Amino acid sequence: MRFHCEWPQDKEKAPVWIVSAGGVDVVLQPGYLSAFVKMREIRSLGVMLDADEQALGRYDSIRSQCLEYFPEM
């Protein structure tokens, strides 16, 4: 990453914080995403999934979990 931007050793000063959930089944579990949304350190949240399989269903699952926090989603 150092070639693209200066990456600090302190993760709280890093431009992004990437967490691997270990699979789509984990991400889609009720409460998984809301736990991140509720963290005071989180300023934005992104989710990356493989879109080759069940893309619309996966999006709908994520959307339904996040609507409470982001009603305009």
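Some ground rules. This is a predicted model: local features need pLDDT of at least 70, side-chain atom pairs count only at pLDDT 80 or more, and totals for chains, interfaces and linings use all residues. Residues are numbered from 1 along each chain as its sequence is written, and side-chain values use heavy atoms, without hydrogens and water.

The largest pocket holds about 880 Å³ of space. A pocket here is an open set of points on a 1 Å grid over the protein atoms alone, where a 1.4 Å probe fits, with protein on both sides within 12 Å along at least five of seven lines. Lining residues have an atom within 4 Å of a point. The volume is the space filled by probe spheres set on the points, which are joined across faces, edges and corners.

Of the 26 lining residues, W17, I18, V19, L45 and G46 are the closest to the centre. α2 (32–37) gives the largest share, 3 residues. Helices are DSSP runs (H or I, at least four residues), numbered from the N terminus.

Now V19. It sits in the segment before α1. L45 is 26 residues away in sequence and 11 Å away in space, C-alpha to C-alpha. Beyond four places in sequence, V19 contacts Y32 and F36 (heavy atoms within 4.5 Å).

Buried or exposed: which is Q65? Buried, at 18% relative accessibility, because the cut-off is under 20% relative accessible area, with a 1.4 Å probe and protein chains only. Q65 belongs to α3 (residues 55–66). Its contacts beyond four places include V27, P30 and L33.

Methods
Helix = DSSP H or I, 4+ residues; strand = E, 2+ residues; numbered from the N terminus. Buried < 20%, exposed > 50% of the residue type's maximum accessible area, 1.4 Å probe, protein only.
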